[in-house]
Amino acid sequence: MGLMDGKRGLILGVANERSIAWGIAQALHREGAELGITYVGETLEKRVRPLAESLGAPLIESCDVNRDEDIEALMAKAAEVFGKLDFLIHAIAFANKEELSGPYLNTTRAGFLLAMEVSAYSLTALVKAADPLLNPGASIITLSYHGAQKVMSNYNVMGVAKAALEASVRYLAADLGPRGIKVNAISAGPIRTLAASGITGFRQLHKAFAEVSPMRRHITIEEVGNTALWLCSDLSSAVTGDIIYVDGGFHVMGAPSQED
Ligand code: NAD
């Protein structure tokens with residue numbers, strides 16, 4: 001008996017085997033879930049399709065979250081293949097590289113809107129489109145970062161987008177709570193992924209993290225996957241509107257002392 005036996009859902013955000021979404025996909029599959037996995041564009045399809053097939057995913061579709069028609073087509077396919085949905089994983093973010101460097105003050109209007117659309121609004125768009133398919137007790141999870149709460153160098157507009165994303169989690173949780181549907185964010189510590197490589201100085205930040213976080217080590221996509229598993233399972237039935245930190249305790253630390 002697996003924790004996810006009989007449960008079906010969608011995972012958006014697998015780019016390759018380093019993706020956080022891939023860690024989540026593996027954990028949910030291990031416990032018996034049936035997965036629908038999406039990708040964006042032909043280049044990523046070449047990487048994502050074999051990964052999705054290795055988990056026996058019955059739905060593998062392209063979905064650019066900036067396109068309403070893609071989101072509608074995805075949900076139509078999900079209705080056809082799965083009927084209803086028990087979980088929806090949103091592990092998507094994007095900002096232009098030049099916005100993730102130097103002072104936040106230099107953020108452009110176009111860069112701000114793009115980061116907000118892909119990284120924050122898309123959660124609401126997906127949940128609205130998935131709403132008729134969501135079973136009571138379904139779980140929606142998005143991915144956030146400490147830069148939503150505190151200033152992190154170079155994270156800039158992505159921190160502002162993550163703050164909007166975390167607020168969206170609370171509002172969506174209030175909307176869907178009466179039907180027993182949970183909406184939460186996992187705020188993960190730094191992990192070397194494709195998206196993270198776009199942030200100036202990420203390598204140094206990643207290295208320093210293991211030296212200062214209470215657990216004195218990095219966190220893995222498997223650990224994020226296991227937390228997502230708990231949030232998707234019935235074990236977390238009263239947990240909603242929350243930000244769950246998987247960061248070895250980093251967010252509880254104050255500013256480093258002068259000696260550090
Ligand atoms: P990743 O590059 O593996 O995943 C990012 C995904 O976003 C990719 O699959 C990409 O295809 C997708 N994406 C971008 N624009 C899209 C669009 N228009 N439509 C659909 N999909 C789109 O990197 P990751 O680090 O696994 O990122 C997953 C999530 O985790 C992101 O929200 C990221 O901000 C968050 N996160 C990452 C870290 C970290 O250190 N890596 C830490 C905390 C939170």
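## Fold and aromatic pairs of a predicted model

In the protein, residues 24 or more positions apart make up 74% of the contacts with a separation of 6 or more. The structure is a predicted model.

The secondary structure of the protein consists of seven helices and seven strands. Their order along the sequence is β-α-β-α-β-α-β-α-β-α-β-α-α-β. The protein has a radius of gyration of 18 Å, close to the 18 Å that the globule rule gives for 260 residues, so the protein is as compact as a globular protein of that length. The C-alpha trace spans about 55 × 40 × 35 Å along its principal axes.

Burial and surface come next. Among the 260 residues of the protein, 50% count as buried. The accessible surface amounts to about 12,300 Å², and carbon and sulfur atoms hold 54% of this surface.

Which geometry do the aromatic pairs of the protein show, edge-to-face or tilted? The count comes to two aromatic pairs. Tyrosine 145 and tyrosine 155 form an edge-to-face pair, while the pair of phenylalanine 209 and phenylalanine 250 is tilted. The values are set out below.

| Pair | Centre to centre | Angle between planes | Geometry |
|---|---|---|---|
| Tyrosine 145 and tyrosine 155 | 4.8 Å | 65 degrees | edge-to-face |
| Phenylalanine 209 and phenylalanine 250 | 5.3 Å | 45 degrees | tilted |

Planes over 60 degrees apart count as edge-to-face, and planes under 30 degrees apart as stacked, with the rest tilted. The 45 degrees between the planes of phenylalanine 209 and phenylalanine 250 therefore make that pair tilted.

Where in the chain do the two tyrosines lie? Tyrosine 145 and tyrosine 155 are both in the loop between strand 5 (134-144) and helix 5 (156-176), so their pair ties together parts that are 10 residues apart in sequence. Both tyrosine 145 and tyrosine 155 are buried.

The phenylalanine pair links distant parts of the chain, 41 residues apart. Phenylalanine 209 belongs to helix 6 (residues 202-212), and phenylalanine 250 to the segment after strand 7 (243-246). Are these two phenylalanines buried or exposed? Phenylalanine 209 has a relative accessible area of 3% and is buried. Phenylalanine 250, at 18% relative accessibility, also counts as buried, because the cut-off for burial is under 20% relative accessible area.

Definitions and conventions: Residues are numbered from 1 along each chain as its sequence is written. This is a predicted model: local features need pLDDT of at least 70, side-chain atom pairs count only at pLDDT 80 or more; totals for chains, interfaces and linings use all residues. Side-chain values use heavy atoms; hydrogens and water are left out. Helices (H or I, at least four residues) and strands (E, at least two) are DSSP runs, numbered from the N terminus. The radius of gyration is taken over C-alpha atoms; the globule rule is 2.2 Å times the number of residues to the power 0.38. Buried means under 20% relative accessible area, exposed over 50%, partly exposed in between (1.4 Å probe, protein chains only). Contact means heavy atoms within 4.5 Å. Accessible areas come from the Shrake-Rupley method with a 1.4 Å probe; for residues, only the protein chains shown count as cover. Rings of Phe, Tyr and Trp (its six-membered ring) pair if their centres lie within 6.5 Å; planes under 30 degrees apart count as stacked, over 60 as edge-to-face and the rest as tilted.
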